[in-house]
Amino acid sequence: MMDGKQEWRQRMLNQLRQLKAAEKEMYDRQIAAHLYRWPLWQTARTIAMTVSRETEVNTLPIIEQAWREGKTIGVPKCDPRAKTMSFRRLESFSQLEKAYAGLFEPIEKQTTPIDRDEFDLIIVPGVCFAKTGYRIGYGGGYYDRYLPGASAVTAALAYSFQVMDDIPAEEHDVPVKFIITDQGVLHCER
């Protein structure tokens, strides 16, 4: 199964890298617009979200919008040795440093922890998604270990071409409940 996931991941990453900058910006704006109109975003007070990489939906303007709306944003801090992550409150992009796997993570001395139970919404990253909410991420399994037991609503941000009818999934994989794309909000059915 892992070979299948690796192939899917590589194929989609290649497709994402071919996305023209102007097209990506347009999709990013459409996804953000659908997100801001989504009732679960509007009522969420504390949101978990990663700082995006170059091929991902740009989360920087989304984080800024959340701050303008008075929301609390938590970003992940990975522990590669234990293969776990925790979330820390981000109040400024100056509180970030380039860390594990080239990700921007919170500087521990400048940020405070946010407990998993404090989140209303957890936005989960991924490379490709099934309409059922299963996802193929970057292969670390961090979210599949973090999400069990979380009471928050889970969602992902994705370009519509990243959403397939089905993808390889394993027993330990944790699906998201919603996927917000450039075409709207998809409620994942299993």
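Figure 1. Two strands pair if DSSP finds at least two bridges between them; the strands themselves (E, at least two residues) and the helices (H or I, at least four) are DSSP runs numbered from the N terminus. This is a predicted model, in which local features need pLDDT of at least 70 and side-chain atom pairs count only at pLDDT 80 or more, while totals for chains, interfaces and linings use all residues. Residues are numbered from 1 along each chain as its sequence is written, and side-chain values use heavy atoms, with hydrogens and water left out. In this view, β2 and β3 run antiparallel and are joined by seven bridges. Cys78 has Met85 as its bridge partner in β3. Strand β2 is mostly covered, with seven of its eight residues buried (buried: under 20% relative accessible area; exposed: over 50%; partly exposed: in between; 1.4 Å probe, protein chains only).

**Figure 2. The eight-stranded open sheet.** The strand order is β6-β3-β2-β1-β7-β10-β12-β13, and the pairing is mixed. Strands β6 and β13 (residues 184-187) stand at the edges with a single partner strand each, so one side of each has no neighbour in the sheet. Strand β1 (residues 46-48) pairs with β2 in the parallel sense, over three bridges. Within this pairing, Ile47 has Ile73 of β2 as its bridge partner. By contrast with this parallel pair, the β2 and β3 pair is antiparallel.

**Figure 3. The three-stranded open sheet.** A further view shows an open sheet of three strands in the order β9-β8-β11, also described as having mixed pairing. Here β9 (residues 135-136) and β11 are the edge strands; each has a single partner strand, so one side of each lacks a neighbour in the sheet. Strand β8 (residues 128-130) runs antiparallel to β9, and two bridges connect this pair. The bridge partner of Cys128 in β9 is Ile136.

**Figure 4. The buried side of helix α4.** Helix α4 spans residues 60-68, and its residues Ile62, Ile63, Gln65 and Ala66 are buried. These four cover an arc of only 160° around the axis, which puts them on the same side of α4; the arc is that of the directions from the helix axis to the C-beta atoms. An α-helix has 3.6 residues a turn, so residues three or four places apart point the same way. The cover over the buried residues of α4 includes helices α2 (residues 21-37) and α3 (residues 39-43), together with strands β2 (residues 72-79) and β10 (residues 153-157). Just after α4, Gly70 adopts a positive phi of about 80°.

**Figure 5. Ile63 and its surroundings.** Ile63 belongs to helix α4 and is buried, with a relative accessible area of 0%. Apart from residues up to four places away in sequence, Ile63 touches Met49, Thr50, Val51, Ile73 and Phe93 (contact: heavy atoms within 4.5 Å). One of these, Ile73, is also the bridge partner of Ile47 in β2. The C-alpha atoms of Ile63 and Gln6 are separated by 30 Å, and the two residues are 57 residues apart along the chain.

**Figure 6. Aromatic pairs.** The structure holds eight aromatic pairs. One of them joins Tyr36 and Trp41, whose ring centres are 5.7 Å apart and whose planes stand at 50°, so this pair is tilted. Tyr36 is partly exposed, at 22% relative accessibility, whereas Trp41 is buried, with a relative accessible area of 0%. In the pair of Phe87 and Phe119, the ring centres are 5.3 Å apart and the planes are at 70°, so the arrangement is edge-to-face. Phe87 lies in strand β3 (residues 84-90) and Phe119 in the loop between β6 (residues 113-114) and β7 (residues 121-123), so the pair ties together parts that are 32 residues apart in sequence. Phe87 and Phe119 are both buried, and together with Tyr143 and Tyr146 they form one aromatic cluster. Rings of Phe, Tyr and Trp (its six-membered ring) pair if their centres lie within 6.5 Å; planes under 30 degrees apart are stacked, over 60 edge-to-face and the rest tilted.

**Figure 7. Asp173 in its loop.** Asp173 lies in the loop between β11 (residues 163-164) and β12 (residues 178-181). At 6% relative accessibility, Asp173 counts as buried. Leaving aside neighbours within four places in sequence, Asp173 is in contact with Lys5, Tyr134, Asp144 and Pro168.
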